[in-house]
Amino acid sequence: MDIEEKQADLIDYFVKQAQSLTGASLAGVVVDATSHPSLFAFSEILSVPNVAELQGTEHSKYLDLLQLFAHGTWNDYKSNAVSLPILAPDQVRKLKQLSVLTLAETSKVLPYDQLMQELDVSNVRELEDFLINECMYAGIVRGKLDQWRRCFEVQFAAGRDLRPAQLDGMIQTLSSWLATSDNLLLTIQEKIRWADTMGELEKKHRKEVEDRIDEVKKNLKQADMDLRGHEEYSEPGVMDYEEDRSRPKRRRQPLV
């Protein structure tokens, strides 16, 4: 099962849990969801009315926590740690994984120094172990560790939840893509029509050439037949002339 299928099943499970619980029990669902090693998308859980109703209650910090895991990073947590629940080791690891995905959204070449600063990692060996064991083995990123250049080259990264501020940009990008696709389709259709027209002209030209060849063959055949007929008609005269030459000539009598 790939990461998308895992995500779908887990999201469905936690959404159903959130729909049936409130208060402290719902806060427990938030903790479980943000701790699960295979869940990296949280917008669907955030959209559950019961979760939104945590706002302004004694459990509102769990709503803030869920929003952080949906859109934030490890640095965001450190900046707001006093107003958020203390994270368990699984949650810390998850938030650092999500931080790598956020960095991969803006650049496909991530310097080791930047990653170590963002993830609070003290050395290259620890960083590479994290990228291999917690990111690539988890299936959320694929890439190449370049020790010579001290960077991680991202080849694939799973997408994070869409932040509200990104919606307009996403709509604009999709609209531009749609317009480009429409123009490309029109161009392809024009090329197809041109190819069809040229094909018809080629077929017409080929037919004309074939008809001309047939006509020339017919004329040549008729000329050959006419020539043969002429030879057959003139042959007896040749024979008579030869026969006449073979006869002895008469002596002419002298006139008296």
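Modeller: Two strands count as paired if DSSP finds at least two bridges between them. With that in hand, welcome to this structure, which is a predicted model.

Biologist: Over how many bridges do β2 and β3 pair?

Modeller: β2 and β3 form a hairpin with 4 residues between them, and arginine 150 in the turn has a positive phi of about 55 degrees. Across the pair, arginine 142 stands opposite phenylalanine 156 in β3. Strand β3 covers residues 151-157, and its antiparallel pairing with β2 runs over 6 bridges.

Biologist: Is aspartate 146 buried or exposed?

Modeller: Aspartate 146 belongs to strand β2. Beyond its neighbours within four places in sequence, aspartate 146 is in contact with Tyr112, Cys151 and Glu153, and a polar atom of its side chain lies 3.1 Å from the backbone nitrogen of tryptophan 148. Its relative accessibility is 11%, and the cut-off is under 20%, so aspartate 146 counts as buried.

Biologist: Now the helices. How far does helix α5 reach from its first C-alpha to its last?

Modeller: Helix α5 runs over residues 60-71, which makes 12 residues. At 1.5 Å a residue, 16 Å would be expected. The model comes close to that, with a reach of 17 Å.

Biologist: Which element gives the largest share of the core?

Modeller: The largest nonpolar core has 51 residues, and those touching the most other members are Leu39, Phe42, Ile45, Val51, Leu95, Leu127 and Phe152. The element asked about has several buried residues, including Leu63, Leu66 and Phe69. What covers its buried residues includes α2 (23-35), α3 (43-46), α4 (49-52), α6 (74-79) and α7. With 7 residues, the largest share of the core comes from α5.

Biologist: What is the relative accessible area of serine 99?

Modeller: Serine 99 is found in helix α7 (residues 89-106). Not counting residues up to four places away in sequence, serine 99 touches Thr73, Trp74 and Leu119. Buried means under 20% relative accessible area, and serine 99 is buried, with a value of 2%.

Biologist: Which residue's backbone oxygen does the side chain of serine 99 reach at 2.8 Å?

Modeller: The side chain of serine 99 reaches the backbone nitrogen of tryptophan 74 at 2.8 Å. At 2.8 Å, the side chain of serine 99 reaches the backbone oxygen of leucine 95.

Notes
Residues numbered from 1 in each chain as written. Predicted model: local features only at pLDDT ≥ 70, side-chain atom pairs only at ≥ 80, totals over all residues. Heavy atoms only, no water. Helix = DSSP H or I, 4+ residues; strand = E, 2+ residues; numbered from the N terminus. Buried < 20%, exposed > 50% of the residue type's maximum accessible area, 1.4 Å probe, protein only. Polar contact = N/O pair within 3.5 Å; in protein donor to acceptor, adjacent residues only side chain to side chain. Contact = heavy atoms within 4.5 Å. Expected span 1.5 Å × (residues − 1). Core = buried A, V, L, I, M, F, W, Y, C linked by side-chain atoms within 4.5 Å.
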